[in-house]
Every structure is written in C-alpha cells, then in structure tokens.
Amino acid sequence: MINYNENFGFYGLRTIIMMLALLIVWGLIYWITNGDYKKLEKVLKFSVTLPVVLLIILMVRAVTLDGAGIGISHYLSIKENTLMQVSTWREASTQILMSLSIGMGQLIVYASRTTKKSVVQNGVITVASNAFVSLLAGFVVFCSIGFFVTQQSVSWESVPGGPPLVFESYPAIILQMPGLILGIGFIFFLMLFFLGIDSAFAVIEANMQPIIEKSKLDRKTISMTLCGIGFLLSTPYVIKGGTSWIYSIDGVVVNYGVPLAVLFECIYFAHLNSLNDFREQITTSTIVFGAWKMVIKYLAPMFLVYMLILRIQSDFIETIGSESFLTNVVSFGVVMVAMGTGAVLIKKYVQKGEMSSASTGDFR
C-alpha cells in the first residue's frame, strides 16, 4: 500500500483509510505467525499456490489480447548492447537476491523444517521455481503492455516501470481489456495481496525463529512485537508522500542492505569459519561441494563488492552537488542506523532470554 500524494503529511481521509488497511494487514500477519508451525504450513500451502494459479489465469488472458505478440517479441528479443551494460547485471543480481530472499533468513528457517535433507535438490527446485514464476510474470506484463501501446498508439518507453507500473499503468491496461474487467482486476490485485502477505510473514518468521530458539519468550509475544515494529516501519509509505519514502528507503535496502548482508555472511562462513564443517549437511559430491566453496569464498564476495562499488558510484559520486545526493545520503544513513539498531536490540533480546533460561534451568 503506497500513498502517491507527493506532499508530506499525516492527515486526510485517504491517509486514514490506508492506515486502517495497513493495521488490518499487519493484524492478519500476526494471526498467521502467532500460532505453531503447522498453522503457518497450512497458510503457506494456500498463499503460495494461489498466486501462481492466478498468474496462470492472467497469462492465458494476456496472450489472447491484441498486441500480445508485440509484447512477447519485445520480451524475448535479445539486445546485445543492453546485455553488455554493467547496470543490467547489477539490477538482475539485485532482483535475484530479493526474489530468492538470499541473506534474509527465510530460506534457512523454512529449510530447517523440511523432512527432505537434500540441500542441493531443494536449492535447485527453489531456484528453478523462482525462474519459472518470474518468466511467467514477464509474459503477463509484456503481453499486457503490448496490448496497451497498440490500443493507445503510444511508445513502449512511455510506460513507466516500478511501482507506477503496478498501481497506475496496469490498472489502466485492465480497464482497456475487453470483457471481464472486474474479474481480471480482482484476480490481479488478489495475487498482489497474497504475494505481499507471503513476503511479510516470511520476514517475520525469519526473525522470530532465532529469538524463539535462543530465548524463553513465547511465540505470541515475539510475533506481536515484530508485527508492531513492522506496522510502525510501514506507516511512512501510507502517509502523504509515501512514494518518496518507498523510492528512498526501499532503494537503499534493496541496493545496499541485502547485498551487504550477503557479503558479510559469505565472509563470516567462508573466512571466519571452516566451510568443511558444512559438507555433511550439503552434499557428498566432491565436485559440487568444491564448486559451492569457490562461490561462497571467492566469486560471490568479489561480485558483490564490485556491484556495491558501482552502486556507490552511481548513487553518490556521480550525484555530488545535486538534490538526489542529499536524499541518497540521508536514506542510506537512516537504513544503516535502523539495521544496526535492530541487530543490537535482537542480540540483547536473545541474551536476555538466555539469561532467564539459565536462571530457571530451562534449556531448550
């Protein structure tokens, strides 16, 4: 939920409605995460499967639209100049980190609950499923845009990307579709809703599980605390001027926060610990394990450092003296302070729970 009013402020009927909607959403996330893992598992089976089914329905509709062929051609055409640009690979790597939730804890938490112990097999299935859904979504978007530019006789470049594509351009495209406008619109936004819910409670679960295992606090208390923090952190996006907040803060989190987290994890596990300790849990294949060690120890850190240097150059060095430079600096500072504060609070939270467990003799 994003408030596209560019003027900052907290008042107005629209802001109040969006705040209430945000509260309901976080209440739903609390309901999902405050129970045992079996409850979460049942929700996941429904909330993960449904968006894929809805996406397939949208694709069937999209490929039958006039101009869909133009969209598919634009989608699948290979542009050598674009492939040779570093920014293309930078954006692609960032997208992969986000879509697979690398370095955020979700995969580790979910994997710890699986009965299948093949890490390699589960990893291949996860990556392949992510690629399939991403390609499927690409067909839906590009077929729809092809229809839109054909109907409106506008250039392809005039259609914006990012949040405006989802909340402005795509609804406009749906209104142009012949027949079942309400049905297609409902399916589209229902799919977005479940994708957002999945992402949100996955983040909560990834933070809950370590605290539960290391402290004496019950699941409901931790869930309520984390959901409350999530609600407070989400409020800037629904007040007036929410668009500016999401572009500034989200951009820093995506472009710096996640890559830095992955980089630190690679350094910690590969250089401050022995990767050989994980061999039994990963694979018995010497070749596969050797390739994994090479990636974690050298290739991934080198690539991440290179991408971060390029990002710093484009966001800071090349914008010195402009208004965007100050915005980038402030956003970066806010996010880094927030991440550092969160890490310190979680550490103290866990240590407090460990001390309580030690004093009562309750070790879990």
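The side chains of arginine 219 and glutamate 205 meet in a salt bridge with an N to O distance of 2.6 Å. This pair links distant parts of the chain, 14 residues apart, with arginine 219 in helix 10 (residues 219-238) and glutamate 205 in helix 9 (residues 181-214). A salt bridge is here a side-chain nitrogen of Lys or Arg within 4 Å of a carboxyl oxygen of Asp or Glu. Arginine 219 counts as buried at 16% relative accessibility, and glutamate 205 counts as buried at 0%. In these terms, buried means under 20% relative accessible area, exposed means over 50%, and partly exposed lies in between (1.4 Å probe, protein chains only).

The model is predicted: local features need pLDDT of at least 70 and side-chain atom pairs count only at pLDDT 80 or more, while totals for chains, interfaces and linings use all residues. Residues are numbered from 1 along each chain as its sequence is written, and side-chain values use heavy atoms, with hydrogens and water left out.

**Salt bridges**

Side chains of opposite charge can pair when their charged atoms come close. A search of the whole structure finds three salt bridges, listed below.

| Pair | N to O distance |
|---|---|
| Arginine 219 and glutamate 205 | 2.6 Å |
| Glutamate 91 and arginine 311 | 3.0 Å |
| Glutamate 91 and arginine 90 | 3.6 Å |

Arg90, Glu91 and Arg311 are linked in a network of salt bridges. Because glutamate 91 lies in helix 5 and arginine 311 in helix 13 (residues 286-315), their pair ties together parts that are 220 residues apart in sequence. Arginine 90 is buried at 14% relative accessibility, and arginine 311 is buried at 7%.

**Overall fold**

The protein chain has 14 helices and zero strands. Helices (H or I, at least four residues) and strands (E, at least two) are DSSP runs, numbered from the N terminus. Of the 364 residues of the chain, 35% count as buried. Among contacts (heavy atoms within 4.5 Å) between residues at least 6 apart in sequence, 75% join residues at least 24 apart.

**Surface and pocket**

The accessible surface of the chain comes to about 21,400 Å², and 70% of this belongs to carbon and sulfur atoms. Such areas come from the Shrake-Rupley method with a 1.4 Å probe, and for residues only the protein chains shown count as cover.

The second largest pocket holds about 190 Å³ of space. Its lining residues include His74, Phe142, Trp156, Glu157 and Leu165. Helix 7 (residues 119-152) gives the largest share of this lining, three residues. A pocket is an open set of points on a 1 Å grid over the protein atoms alone, where a 1.4 Å probe fits, with protein on both sides within 12 Å along at least five of seven lines; lining residues have an atom within 4 Å of a point. Grid points are joined across faces, edges and corners, and the volume is the space filled by probe spheres set on the points.

Most residues other than glycine have a negative phi. Serine 101 has a positive phi near 55 degrees, and phi of serine 153 is also positive, near 55 degrees. Serine 101 is found in the loop between helix 5 (86-99) and helix 6 (106-111) and is buried at 16% relative accessibility. Serine 153 lies in the loop between helix 7 and helix 8 (163-176) and is exposed at 66%.
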